[in-house]
Amino acid sequence: MPITQRDRQILRIAGPSIVSNITVPLLGLVDVAIVGHLGDAAYIGAIAVGSMAFNLIYWIFGFLRMGTSGMTSQAFGRRDLACVMQLLVRSLTVALAVALTLIVLQWPLEWTMVRLMRPTADVEPWARTYFSICIWGAPAVLGLYGLMGWFVGMQNTRMPMFISIMQNVVNIFASLTFVYGLGMRIEGVATGTVIAQYAGFAAAIVLLLRHYGRLGRYMVWRGVLQRNELWRFFTVNRDIFLRTLCLVAVNLYFTSAGARQGAVILAVNTVLMQLFLLFSYIMDGFANAGEALGGRYYGARNGDAFRDTVRRLFLWGLFMAAAFTVVYAIGGMPFLRLLTDDEAVISASSAYFPWALVIPLCSMAAFVWDGIFIGVTATRGMLVSLAVSASVFFVTFFCLSPWLGNHALWLAMTLYLAVRGMVQTVLYRRDIAGKI
């Protein structure tokens with residue numbers, strides 16, 4: 001398809017976002033790689049348990065990034081720089097309050113982690129050590145959520161990309177120094193992770209002051225705690241928070257349902273899900289473009305540019321979905337062999353591999369609409385679509401699993417992703433398209 005000026009705008013935002021998305025899981029992979037050479041499998045288990053706990057906690061508070069991004073892009077579109085600055089301060093204030101609450105509640109959170117994940121006796125003390133150190137990184141992590149969302153809202157994804165890359169470099173250097181230079185073990189890896197988190201937050205503050213410091217003159221402090229604006233901020237983020245809970249419930253149940261079918265099926269589902277995750281990293285980049293550009297043109301009341309952005313995003317989504325389907329059809333099974341050399345897992349994967357081929361096309365619309373809905377802060381629609389699709393997931397699995405087994409689980413996941421996109425399409429036409 002011919003590349004238009006709108007496509008260049010989309011790619012300028014999506015490209016750095018994709019790089020950032022790919023680097024995010026590297027923080028955990030680096031920790032696993034380092035402890036994997038310490039000679040005790042319990043260390044790997046401790047990292048796995050601790051990382052999963054923090055992933056769940058921070059994922060739930062992802063509204064700090066998404067809500068900030070949507071509202072900032074709209075304010076940027078209408079050139080309301082006072083509102084832009086108030087959103088930044090408001091987001092950072094809420095992030096700090098949430099982070100301090102997590103630190104205060106760290107002991108019940110740690111107890112809950114152990115009860116939910118039930119690590120073995122040799123893993124548990126190391127998992128507790130990892131958790132007790134990494135919890136102190138909460139202010140940096142949640143503060144970065146607010147800053148990253150604000151940068152995206154300001155149409156700038158290069159800064160989040162730079163920060164993500166820098167964090168990984170610092171994490172590698174710090175963790176290696178503590179573990180191999182100072183002889184520390186899990187505590188060294190955890191300390192290195194926290195240092196990397198604060199290094200990323202500090203870099204974000206420096207970049208903010210350097211590139212946006214001039215906007216400080218537009219700051220109106222009394223507007224930060226204005227009742228109406230606070231109510232809108234928390235309403236938008238409440239819907240995203242509840243949506244995220246539904247999302248977490250589906251993903252956790254998908255894993256647990258696979259685990260109940262035995263180690264081989266759990267491994268099969270895990271390796272096949274990597275194909276979907278790889279596609280999601282790419283599509284999340286285009287979703288970020290939808291947040292930034294969709295919110296900008298919606299805020300500016302530029303209907304033609306807004307509709308053109310939606311149209312071009314869907315064309316890119318279809319192109320990416322078709323490309324991934326072809327690539328997976330040709331090289332998907334060889335890729336699985338890179339992830340595991342267990343012949344039992346590879347052999348069992350062939351029966352479920354067709355599900356990995358259809359998921360990109362079935363899920364594409366959900367990613368694009370998520371970005372658009374965040375940009376226009378139609379968060380109630382996001383919550384409704386997730387609640388409906390999650391219901392479809394659970395009903396499908398419970399009704400069909402006695403006959404279809406693991407195929408029922410993959411069918412439920414595929415329908416869940418497809419229904420999200422379909423419901424959002426209906427809501428877009430009903431609630432958004434006619435208002436701009």
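These legends go with a few close-up views of one predicted model.

View 1. Of the 436 residues, 54% count as buried, where buried means under 20% relative accessible area, exposed over 50%, and partly exposed in between (1.4 Å probe, protein chains only).

**View 2. Helix H1 covers residues 5-23.** Its 19 residues should span 27 Å at 1.5 Å a residue, and the end C-alpha atoms are 28 Å apart, which agrees. The expected span is 1.5 Å times one less than the number of residues. Among the buried residues of H1 are Arg6, Asp7, Ile10, Ile13 and Asn21.

**View 3. Helix H4 covers residues 63-77.** From first C-alpha to last, the 15 residues of H4 reach 21 Å, close to the 21 Å expected at 1.5 Å a residue. What about its surroundings? Well, 15 of the 15 residues of H4 are buried, so the helix is largely enclosed by the rest of the structure. Just after H4 comes arginine 79, with a positive phi of about 60°.

**View 4. Valine 152 sits in helix H8.** That helix covers residues 138-153. Is valine 152 buried or exposed? Valine 152 is buried, at a relative accessible area of 5%. Leaving out residues up to four places away in sequence, valine 152 touches Arg65, Ser69, Thr157, Asn288, Glu291 and Ala292; a contact means heavy atoms within 4.5 Å. As for valine 250, it lies 98 residues from valine 152 in sequence and 27 Å from it in space, C-alpha to C-alpha.

**Notes on the views.** Residues are numbered from 1 along each chain as its sequence is written, and side-chain values use heavy atoms, with hydrogens and water left out. Because the model is predicted, local features need pLDDT of at least 70 and side-chain atom pairs count only at pLDDT 80 or more, while totals for chains, interfaces and linings use all residues.

Key: Helix = DSSP H or I, 4+ residues; strand = E, 2+ residues; numbered from the N terminus.
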